[in-house]
Amino acid sequence: MGILKKVNEYYSEKIKQHGNVSHGVDWNSKESQFLRFYQLCKVIDWQSPAFSILDYGCGYGALIEYISSWHSNFNYTGYDISEEMIKHAKKIHQDKKVIFTTEENDLSKYDYVIASGIF
């Protein structure tokens with residue numbers, strides 16, 4: 001079994017067990033998850049009127065909540081290898097103008113790429 005298949009199965013099981021919470025993406029707490037977001041998002045120019053961002057390894061899209069607390073005009077794309085994660089992400093963020101995908105071919109160019117969940 002390849003590494004990506006193992007990772008996919010591991011995280012798909014986590015989200016099934018715990019749901020749309022930090023433990024569902026294997027974080028200890030929402031606080032530690034948001035601390036990571038804080039560190040990774042230091043590169044973002046929050047004064048920019050708009051920007052695009054790719055959340056590579058997006059899980060259920062928790063980064064959307066973090067960015068929304070700082071900025072209101074951004075284009076978000078979330079990519080994850082786990083279809084189960086993407087299913088949860090689409091369900092909880094269905095009222096937002098965001099994109100979620102499991103297909104790398106759907107990805108294009110972005111102002112920022114954040115890869116928090118893959119490390």
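Which residues does Leu63 touch, not counting residues up to four places away in sequence? Leu63 touches Phe37, Cys41, Ile53, Asp55, Tyr76 and Ile114, where contact means heavy atoms within 4.5 Å. The model is predicted: local features need pLDDT of at least 70, side-chain atom pairs count only at pLDDT 80 or more, and totals for chains, interfaces and linings use all residues. Residues are numbered from 1 along each chain as its sequence is written, and side-chain values use heavy atoms, with hydrogens and water left out.

The chain contains four helices and four strands. Helices (H or I, at least four residues) and strands (E, at least two) are DSSP runs, numbered from the N terminus. Along the sequence they follow the pattern α-α-β-α-β-α-β-β. Of the 119 residues in the chain, 41% are buried. Buried means under 20% relative accessible area, exposed over 50%, and partly exposed in between (1.4 Å probe, protein chains only). Among contacts between residues at least 6 apart in sequence, 56% join residues at least 24 apart.

The four strands form an open sheet in the order 3-2-1-4, with parallel pairing. Strand 3 (98-101) and strand 4 (112-114) are at the edges, each with a single partner strand, so one side of each has no neighbour in the sheet. From one strand to the next the twist averages 20 degrees. Axes here are lines fitted to C-alpha atoms, for helices over the stretch in contact, and angles run from 0 to 180 degrees between N-to-C directions. Two strands count as paired if DSSP finds at least two bridges between them. Strand 1 (residues 51-56) and strand 2 (residues 74-79) pair in the parallel sense over six bridges. Along this pairing, Asp55 stands opposite Gly78 in strand 2, and Tyr56 stands opposite Tyr79 in strand 2. Helix 4 packs on the sheet, where it touches strand 2 and strand 3, and its direction makes about 165 degrees with that of strand 3. Strand 1 is largely enclosed by the rest of the structure, because five of its six residues are buried.

The largest nonpolar core has 22 residues, of which Phe51, Ile53, Leu63, Tyr66, Ile67, Tyr76 and Phe100 touch the most other members. A nonpolar core is a set of buried Ala, Val, Leu, Ile, Met, Phe, Trp, Tyr and Cys residues joined through side-chain atoms within 4.5 Å. Helix 2, strand 1, helix 3, strand 2, helix 4 and strand 4 each supply at least two residues of this core. Helix 3 gives the most, with five residues.

Helix 2 (residues 30-40) has Gln33, Phe34 and Phe37 as its buried residues. They lie on the same side of helix 2, because they cover an arc of only 90 degrees around the axis; the arc is that of the directions from the helix axis to the C-beta atoms. The cover over the buried residues of helix 2 includes helix 3 (62-68). On the face turned away from the buried side, helix 2 carries the exposed residues Glu31 and Leu35.

Two loops can be taken together. Gln47 is in the loop between helix 2 and strand 1, while His71 is in the loop between helix 3 and strand 2. Gln47 and His71 are 24 residues apart in sequence and 8.7 Å apart in space, C-alpha to C-alpha. Is each of them buried or exposed? Gln47 counts as exposed because its relative accessibility is 71%, whereas His71 is buried, with a relative accessible area of 9%. Not counting residues up to four places away in sequence, His71 touches Trp46, Ser48, Pro49, Ala50 and Phe51. A polar atom of the His71 side chain lies 3.1 Å from the backbone nitrogen of Asn73.

Glu84 is placed in helix 4 (residues 83-92). With 17% relative accessibility, Glu84 counts as buried. The side chain of Glu84 makes a polar contact with the side chain of Lys87 (3.1 Å). A polar contact is a pair of N or O atoms within 3.5 Å; within protein, one must be able to donate a hydrogen and the other to accept it, and residues adjacent in sequence count only if both atoms are side-chain atoms. Leaving aside neighbours within four places in sequence, Glu84 is in contact with Ser12, Ile15 and Lys16.
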